Amino acid sequence: MRLPKSIAGLRHRVRAGAVFLSVLLLSLGLAMAPAQPQSQPPSSLSDTDRADLLKQQAQLFQQMLQKPSDLDIAFKYADVSARLGDNEAAVTALERMLLFNPNLPRVDLELGALYFRMGSFQISRDYFNKAAAANPPSDVQAKINEYLGQIQKVSGGSQFSGFIFFGAQYQSDANVSPGSPNITSPTTGIALSLANDFVKGADLNYFATGSALYSYDLETQSHDSIDVTGTVFGNHYFHFGRLDLALGELTAGPRFNFSDPGLGAQTATTRPYLILNEVGLGGNQYFYTYGVGQELTGTWADNLVLSSRFEFRQKHFSNATDRPVSTGQNGNDKLVSLIGSKGITDNSALTLEFDFLDQSTLSPTLSNRTYSASGNYRISYDDPTDTFHFPWQTTFSLARTWSLYEASDPFFASTRDDRRWRIGLAENFQLTERLTLTLQIQRDIVSSNQSLFAYTSNSVLLGPQIRF
């Protein structure tokens with residue numbers, strides 16, 4: 001017995017929704033990565049590392065008092081101070097070095113970076129210009145240009161940054177379908193046979209995505225701003241063209257910054273925003289949403305960052321020839337996310353996230369509540385080939401998701417209950433200040449009490465990211 005068209009269409013829409021959520025998370029995840037100069041202070045220090053550095057700082061300070069003209073000691077003291085986040089001490093040591101020898105481009109470069117971190121952009125620009133006048137190597141000049149560009153954006157009262165990412169992806173189960181065409185209801189015993197397009201199939205797609213942030217400084221003492229973000233994504237499959245996806249999303253709202261907000265936090269930001277997006281599937285309009293969101297982020301000592309997000313989206317679907325009842329998915333989404341990030345060493349960090357998504361639709365069988373827990377461990381290190389002289393980054397990720405549906409499916413005569421494991425490994429090979437080659441390997445394992453929705457898929461993604 002062939003699968004009824006209504007069930008095939010339902011399954012098609014659910015699969016397309018899974019693809020949409022995956023690529024949207026990919027786009028937003030890349031967009032959230034900071035687009036700033038590469039010479040940044042360390043992400044974290046353990047209590048042991050901090051104690052060791054404080055001991056070194058005290059010893060080097062005493063050595064400077066005994067040998068005030070020894071530039072090597074002064075530079076080591078400045079380096080240790082900067083690693084501790086004591087930028088003022090580092091600046092004092094470096095500027096003292098220039099009193100003994102004013103022609104030290106490396107010191108000028110480090111002073112420019114330190115003043116940049118402290119927000120003294122005019123002084124920072126002066127030191128960078130001085131370092132550039134000494135005809136430094138091309139990689140040093142590129143770093144100087146990056147900082148000067150950032151200073152120009154900040155000084156101009158607004159900032160514009162973003163990325164473009166494109167490439168190809170192979171998926172062993174591109175249409176996220178079961179491996180067997182034979183489906184049997186465990187309750188009624190009725191057996192159905194899936195059409196070939198709804199059975200597991202490998203495919204290759206090429207994609208392009210991009211995201212941009214425009215931030216307008218409101219010129220308040222706390223540098224509050226109006227932030228506008230835009231994200232676009234498009235892909236094309238060689239075989240499963242009905243899953244070709246195109247989306248665009250826009251958010252806009254003010255961002256308010258607070259120093260010493262309480263509860264032990266050093267800084268905090270909050271951002272209410274409006275949401276608008278449009279999604280196409282298989283060359284036709286799929287749905288559009290509008291809604292509101294709220295972000296809250298706080299930073300604590302030892303580089304602990306905690307954030308939360310709430311979003312409400314009203315969704316409106318459109319029917320198409322191959323999905324004639326898509327409007328049954330009309331409804332709303334309510335999303336709550338809690339995220340925590342903590343540095344483990346001075347070159348690595350662990351991020352944990354919990355998400356709750358409540359999807360309410362006109363069709364009770366599609367309404368569901370999804371719980372997700374995920375974590376990733378990110379580590380940066382020097383280029384082992386010593387070819388490009390920029391750091392590489394490896395990220396290990398693991399996620400577990402539970403999806404509980406509201407009403408029984410008419411064919412399976414049971415309420416759907418899905419479980420998913422997602423295991424991933426991503427490698428970023430930084431080639432220049434703005435260009436990174438990304439390789440991502442991922443495995444998805446989905447189990448369900450309804451065999452129609454169980455599948456396993458392996459994927460490999462490769463492409464360059466260009467930041468601006």
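## Helix pair α3 and α4

A crossing of two helices is called left-handed if the near helix is turned anticlockwise from the far one by less than a right angle, and right-handed if the turn is clockwise. In this predicted model, α3 passes α4 in a crossing of the left-handed kind. The axes of the two helices, α3 and α4, come within 7 Å and cross at roughly 160°. Because angles over 145 degrees count as roughly antiparallel, α3 is described as roughly antiparallel to α4.

On the α3 side, the contact is made by L71, A74, F75, Y77, A78, S81 and A82, and these residues meet N87, A89, A90, A93, L94, M97 and F100 of α4.

## Helix pair α5 and α6

For α5 and helix α6, which spans residues 121-132, the axes come within 8 Å and the crossing angle is roughly 160°. The angle makes α5 roughly antiparallel to α6, and the crossing of α5 and α6 is left-handed. From α5, the residues P105, D108, L109, L111, G112, A113, Y115 and F116 take part in the contact, while α6 contributes F121, I123, S124, Y127, F128, K130 and A131.

In soluble globular proteins, nonpolar side chains tend to be buried together. In this chain the largest nonpolar core has 24 residues, of which Y77, L94, M97, L98, V107, L111 and L114 touch the most other members. At least two residues of this core come from each of α2 (47-66), α3 (71-83), α4 (87-100) and α5 (105-117). Apart from it lies another core, made up of 12 residues and including F207, F233, L281 and F287.

Which residues does L114 contact, once its neighbours within four places in sequence are left aside? The contacts of L114 are then with A82, N87, A90, V91 and L94.

Leaving aside neighbours within four places in sequence, Y405 is in contact with T365, L366, S367, N368, T415, R416 and D418. Y405 is also 12 residues away from D417 in sequence, and the two C-alpha atoms are 6.3 Å apart in space.

The loop between β12 (368-381) and β13 (392-408) holds D386, and H389 lies in the loop between these strands as well. Although D386 is not a glycine, it has a positive phi of about 55°; H389, likewise a residue other than glycine, has a positive phi near 60°. D386 counts as exposed because its relative accessibility is 54%, and H389 counts as exposed at 52%, the cut-off for exposure being over 50%.

## The chain as a whole

The chain has 468 residues, of which 43% count as buried, and it contains 7 helices and 16 strands. Among the contacts with a separation of 6 or more, 59% are accounted for by residues 24 or more positions apart.

How values were computed. Residues numbered from 1 in each chain as written. Predicted model: local features only at pLDDT ≥ 70, side-chain atom pairs only at ≥ 80, totals over all residues. Heavy atoms only, no water. Helix = DSSP H or I, 4+ residues; strand = E, 2+ residues; numbered from the N terminus. Buried < 20%, exposed > 50% of the residue type's maximum accessible area, 1.4 Å probe, protein only. Contact = heavy atoms within 4.5 Å. Core = buried A, V, L, I, M, F, W, Y, C linked by side-chain atoms within 4.5 Å. Axes fitted to C-alpha atoms, helices over the stretch in contact; angles between N-to-C directions. Parallel < 35°, antiparallel > 145°, perpendicular 65-115°, else oblique.
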